[in-house]
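Visitor: I would like to learn how to read contacts and helices in a model like this one. Could you walk me through it, one feature at a time?

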Amino acid sequence: MKMMPSCREITEQASDYLDQNLSPWERAAFRMHLLMCVYCRRHVKHLGLTVSTLGKIAAEEDARKNDDIQQIVELIKQQLDKPTEQKGEECR
Amino acid sequence: MNQQLPSDDELIPRLLAHDDAAYAQVVSAYHGLMVHLARAIVGPAIADEVAQEAWLAVLRALPRFERRSSLKTWILRIVSNTAKTRLRHESRTVNLEDALGDQASIDPSPFNAAGRWASPPAVWHADTPDDLLTSQELRACIDASLSALPPMQRAALTLRDMQGLDMESICKVLEVSESNGRVLLHRARNRIQAAIEEFYQR
Ligand SMILES: [Zn+2]
């Protein structure tokens with residue numbers, strides 16, 4: 001039987017909690033702590049908001065940029081046709 | 001336009017046959033992601049160059065690709081390795097662990113000796129990402145804290161929270177264990193959260 005996690009431990013587990021990566025016991029203890037601790041509730045809410053804000057920033061960036069695919073393909077093909085020192089790239 | 005990408009089984013033989021349409025399809029599907037990953041590791045100045053270099057490595061190595069992961073994961077691992085190699089060259093004087101990894105956690109600790117909050121989190125006057133991002137100043141704080149992350153943390157954060165890859169693929173791409181990948185992600189998220197927190201505590 002594990003004791004209730006401290007606030008510090010909650011902040012250490014919060015990322016795994018959001019990603020559903022805690023064991024059922026850890027998750028239960030985590031939620032129990034949140035029920036009783038307004039600051040940790042706030043911390044976890046803020047972490048979730050941080051993560052979704054990063055997603056929003058990425059979506060905005062991708063909406064702006066407009067790569068010229070054909071131009072990139074041409075560049076790659078030109079380079080590829082050049083005789084070259086075969087670089088050893090592992091193929092796992 | 002991102003049409004449905006054909007399966008690896010269909011795509012790989014066509015790439016090996018130098019099919020132009022297949023080239024265009026993989027570039028269209030993966031180039032943006034490759035630049036994001038390269039930028040996370042080496043920074044914006046040479047990210048495009050690293051992505052280009054990685055494409056050449058991909059197409060040259062493709063005949064020897066053993067299909068132990070998806071094409072996408074394999075391509076991204078080549079980007080990651082190309083970028084890490086560049087980073088080693090660029091920062092010859094710096095210890096590689098410092099350049100890639102992480103040293104300190106957030107200080108000073110907001111907790112007392114018993115592990116309870118000593119300086120509790122501030123109330124953020126925001127409930128959604130849109131609320132947060134209305135402040136230009138806060139947006140600049142977030143961008144600055146992203147730029148200040150150690151490269152491997154930024155790579156994990158970019159792939160997970162900004163590009164939506166699953167953790168298993170990310171660990172294969174970055175060549176870290178599952179638990180190390182989680183630590184990188186956790187620390188990166190905490191740093192961005194701390195930057196926003198600092199903004200609201202002012
Ligand atoms: Zn607490």
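This is a predicted model: local features need pLDDT of at least 70, side-chain atom pairs count only at pLDDT 80 or more; totals for chains, interfaces and linings use all residues.

Visitor: How many salt bridges are counted between domain 1 of chain B and domain 2 of chain B?

Guide: The count between these two domains is one salt bridge. The rule also finds four residue pairs in polar contact across this interface, with both residues at pLDDT 80 or more.

Visitor: What area do chain A and chain B bury between them?

Guide: Chain A and chain B bury about 5,000 Å² between them, with 58% of it on carbon and sulfur atoms. The contact draws 49 residues from chain A and 61 residues from chain B.

Visitor: How many salt bridges does the rule find across the interface of chain A and chain B?

Guide: It finds seven, and the count of residue pairs in polar contact there is 14, both residues being at pLDDT 80 or more. On the chain A side, the elements giving two or more residues are helix 1 (7-18), helix 3 (38-64) and helix 4 (69-81) of chain A. Helix 3 of chain A has the largest share, 20 residues. That side of chain A holds 17 nonpolar, 14 polar and 18 charged residues.

Visitor: Which elements make up chain A?

Guide: Chain A has four helices and zero strands, in the order α-α-α-α from the N terminus. Of its 92 residues, 38% count as buried.

Visitor: Why does the pair of Lys56(A) and Asp130(B) join two chains?

Guide: Their side chains meet in a salt bridge at 3.1 Å, N to O. Lys56(A) lies in helix 3 of chain A and Asp130(B) in helix 6 (residues 129-133) of chain B, so the pair joins two chains. Lys56(A) is partly exposed, with a relative accessible area of 29%, and Asp130(B) is partly exposed at 44%.

Visitor: Which residues does Arg139(B) meet in salt bridges?

Guide: One partner is Glu60(A), with the closest N and O atoms 3.2 Å apart. Another is Asp143(B), at 3.5 Å. Asp143(B) and Arg139(B) both sit in helix 7 (residues 136-148) of chain B, four residues apart, about one turn of the helix. Arg139(B) is buried, with a relative accessible area of 16%, while Asp143(B) is partly exposed at 30%.

Visitor: Is helix 9 of chain B mostly covered or mostly open?

Guide: Helix 9 (residues 167-174) of chain B is mostly covered, with six of its eight residues buried. Among them are Met167(B), Ile170(B) and Leu174(B). The cover includes helix 2, helix 4, helix 8 (151-162) and helix 10 (178-201) of chain B.

Visitor: What caps the N-terminal end of helix 9 of chain B?

Guide: Asp166(B) does, with a side-chain oxygen 3.1 Å from the backbone nitrogen of Glu168(B). After helix 9 comes Glu175(B), whose phi is positive, near 55°.

Visitor: Is Ser80(B) buried or exposed?

Guide: Ser80(B), in helix 4 of chain B, is buried, with a relative accessible area of 0%. Its side chain reaches the backbone oxygen of Val173(B) at 3.3 Å. Leaving aside residues up to four places away in sequence, Ser80(B) touches Leu37(B), Ile41(B), Val173(B) and Leu174(B).

Technical notes:
Residues are numbered from 1 along each chain as its sequence is written. Chains are lettered from A and ligands numbered from 1 in the order in which they are written. Side-chain values use heavy atoms; hydrogens and water are left out. A salt bridge is a side-chain nitrogen of Lys or Arg within 4 Å of a carboxyl oxygen of Asp or Glu. A polar contact is a pair of N or O atoms within 3.5 Å; within protein, one must be able to donate a hydrogen and the other to accept it, and residues adjacent in sequence count only if both atoms are side-chain atoms. Contact means heavy atoms within 4.5 Å. Buried area is the accessible area (1.4 Å probe) that two parts lose on being put together, summed over both. Ala, Val, Leu, Ile, Met, Phe, Trp, Tyr, Cys and Pro count as nonpolar, Asp, Glu, Lys and Arg as charged, and the others, Gly among them, as polar. Buried means under 20% relative accessible area, exposed over 50%, partly exposed in between (1.4 Å probe, protein chains only).
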